[in-house]
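Here is a short briefing to read alongside your structure. Keep the 3D view open and follow the topics one by one.

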Amino acid sequence: MTTMKTNQSFWQRFCHNKAAVAGLAVMAAVGVLAIFGPLMAGNDPWDMVQQPFLHPMQEVGFALGTDTMGRDILAGVIHGARVSLLIGLVSTLVSLLIGVTLGAVSGYFGGWIDAALMRFTEIFQSVPSFALALVLVAIFEPSILSIVVAIAIVSWPPVARLVRSEFLTLRQRDFVAAAQLAGQSTLRIIVTQILPNAMSPIVVMASLMVATAILLESSLSFLGLGDPNHMSWGYMVGSARTVLRQAWWMAVFPGVAILLTVLALNMVGEGLNDALNTRLRRKGR
């Protein structure tokens with residue numbers, strides 16, 4: 001019953017933020033496109049299926065027109081949703097795994113371990129994220145794997161710092177002392193006692209990190225460092241930069257897809273922050 005009430009109150013607080021609900025609806029639509037869209041798309045995004053520079057709605061079956069090579073823009077936008085979400089989610093999970101692990105160890109043990117791990121973290125933070133990702137992808141062959149690894153490497157330091165600060169606070173709590181007196185191992189205390197109590201800010205940050213990862217992937221693809229075997233929104237915008245006046249729709253539609261997805265993720269993040277923020281919860285009472 002307590003869990004049901006907690007979940008109900010969480011969803012009530014989340015749904016109270018109309019922008020967050022709208023963002024969740026947009027993300028649900030993007031998710032459906034990513035999963036089932038390629039099955040519904042009539043054309044392969046790489047196939048030349050019509051004459052080049054076909055205007056939107058000019059021909060039946062080509063609602064968003066065609067590009068410089070006669071490829072279906074709608075098919076490209078649909079297939080690009082899968083690539084963007086895949087890279088955004090996987091790179092975020094990898095960066096969370098790295099950041100949470102290092103942050104938890106640093107915050108729990110403190111001392112020289114904390115100092116060493118934070119200096120290591122500062123090395124990555126001292127280099128601009130996009131520049132480092134650009135160099136990493138350029139060194140290796142551009143692919144979904146290399147892009148995921150590059151984005152994960154540049155994204156984990158803020159997570160580590162957040163988790164460290166949470167652990168520095170929570171390790172002083174009575175429930176941690178009680179777990180230590182009960183003879184629980186350090187790993188069990190970290191995983192089952194402290195980490196669950198630090199999940200709220202991590203969840204909020206994760207939603208924002210997915211948006212940042214999608215922007216990074218789009219920027220890399222725009223510069224020609226995307227996976228050449230998979231259509232992505234960034235690649236579509238990049239391929240249209242030389243014909244913006246002649247074929248505006250080539251850049252507008254994938255650009256709007258990026259804008260809506262990133263904006264929706266940020267609105268969902270704000271909604272999660274409001275719903276999980278214990279201070280706001282107490283004020284509501």
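What pLDDT does the protein chain average? This is a predicted model, and the chain averages a pLDDT of 88, with 94% of the residues scoring at least 70.

**Confidence**

- Residues 279-285 have a pLDDT below 50.
- Where pLDDT is low, the predicted coordinates should not be read in detail.

- Helix α5 spans residues 129-139, and its buried residues are L132, A133, L136 and V137.
- Those four are on the same side of α5 because they cover an arc of only 125° around the axis.

**How α3 and α4 pack**

- Helix α3 (residues 73-109) packs against α4 at an angle of about 145°, and their axes are 7 Å apart.
- The α3 and α4 helices make a left-handed crossing.
- On the α3 side, the contact is made by L102, V105, S106 and F109.
- On the α4 side, G111, I113, D114, L117, M118 and F120 take part.
- Sorted by class, this contact of α3 with α4 has seven nonpolar residues, two polar ones and one charged one.

**S84, a buried residue in α3**

- S84 lies in helix α3.
- Is S84 buried or exposed? S84 counts as buried because its relative accessibility is 1%, and the cut-off for buried is under 20%.
- Leaving out residues up to four places away in sequence, S84 touches I214, E217 and W233.

**P45, a buried residue in a loop**

- P45 is found in the loop between α2 (18-40) and α3.
- With a relative accessibility of 4%, P45 also counts as buried.
- Which residues does P45 touch, not counting those up to four places away in sequence? They are R71, A75, G76, H79 and M231.
- P45 and G70 are 25 residues apart along the chain, and their C-alpha atoms are separated by 9.9 Å.

Technical notes: Residues are numbered from 1 along each chain as its sequence is written. This is a predicted model: local features need pLDDT of at least 70, side-chain atom pairs count only at pLDDT 80 or more; totals for chains, interfaces and linings use all residues. Side-chain values use heavy atoms; hydrogens and water are left out. Buried means under 20% relative accessible area, exposed over 50%, partly exposed in between (1.4 Å probe, protein chains only). Helices (H or I, at least four residues) and strands (E, at least two) are DSSP runs, numbered from the N terminus. The arc is that of the directions from the helix axis to the C-beta atoms. Axes are lines fitted to C-alpha atoms, for helices over the stretch in contact, and angles run from 0 to 180 degrees between N-to-C directions. A crossing is left-handed if the near helix is turned anticlockwise from the far one by less than a right angle, and right-handed if clockwise. Contact means heavy atoms within 4.5 Å. Ala, Val, Leu, Ile, Met, Phe, Trp, Tyr, Cys and Pro count as nonpolar, Asp, Glu, Lys and Arg as charged, and the others, Gly among them, as polar. pLDDT is the predictor's confidence in each residue, from 0 to 100.
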